[in-house]
Amino acid sequence: QVHLVASGGGLVQAGGSLRLSCVASGSVGTIRSMGWYRQAPGKQRELVARITGGGSTNYADSVKDRFTISRDITKNTVHLQMSSLKPEDTAVYYCNVDLWDYSGSPGNYWGQGTQVTVSS
């Protein structure tokens, strides 16, 4: 089993910054990719940013040039640095990991979500 614990959400004014972190623990064999998704009230969950084990990244168009995803392989951790935040970034942010566990089985896991609220 794999557990993800996300942290760093909160309330910030428009134009401000927040940094989200997510740590994976348990049967974390080889991480294929880690990412952040978000879900605003009444909307579907959407990809925000993702980073592969090799360091390749992709971002939603709405966050490009404002958000930066990074990872610490040695700590099974992924971060999301969010800058120039806008009210439309308000959502619950979820961490996700795609990996092979110690037995070599593929797995995809979600964290518990952390609320980000941007006031205008």
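Visitor: Which residues does Trp-110 touch, not counting those up to four places away in sequence?

Guide: In this predicted model, Trp-110 touches Leu-4, Tyr-37, Arg-45, Tyr-94, Cys-95 and Asn-96. Each pair has heavy atoms within 4.5 Å, so it counts as a contact.

Visitor: And where is Trp-110 found?

Guide: Trp-110 sits in strand β10, which covers residues 106-110.

Visitor: Why does Trp-110 count as partly exposed?

Guide: Its relative accessibility is 39%. Buried would need under 20% and exposed over 50%, so a value in between is called partly exposed. Trp-110 therefore counts as partly exposed.

Visitor: Let's zoom out. What does the secondary structure of the chain come to?

Guide: Eleven strands and zero helices. Read from the N terminus, the elements go β-β-β-β-β-β-β-β-β-β-β.

Visitor: What makes the chain as compact as a globular protein of that length?

Guide: Set the two values side by side: the radius of gyration is 14 Å, and the globule rule gives 14 Å for 120 residues. They are close, so the chain is as compact as a globular protein of that length. Along the principal axes, its C-alpha atoms fill a box of roughly 50 × 25 × 20 Å.

Visitor: How much of the chain is buried?

Guide: Buried residues are 42% of the 120. As for contacts with a separation of 6 or more, 55% come from residues 24 or more positions apart.

Terms used: Residues are numbered from 1 along each chain as its sequence is written. This is a predicted model: local features need pLDDT of at least 70, side-chain atom pairs count only at pLDDT 80 or more; totals for chains, interfaces and linings use all residues. Side-chain values use heavy atoms; hydrogens and water are left out. Helices (H or I, at least four residues) and strands (E, at least two) are DSSP runs, numbered from the N terminus. The radius of gyration is taken over C-alpha atoms; the globule rule is 2.2 Å times the number of residues to the power 0.38. Buried means under 20% relative accessible area, exposed over 50%, partly exposed in between (1.4 Å probe, protein chains only).
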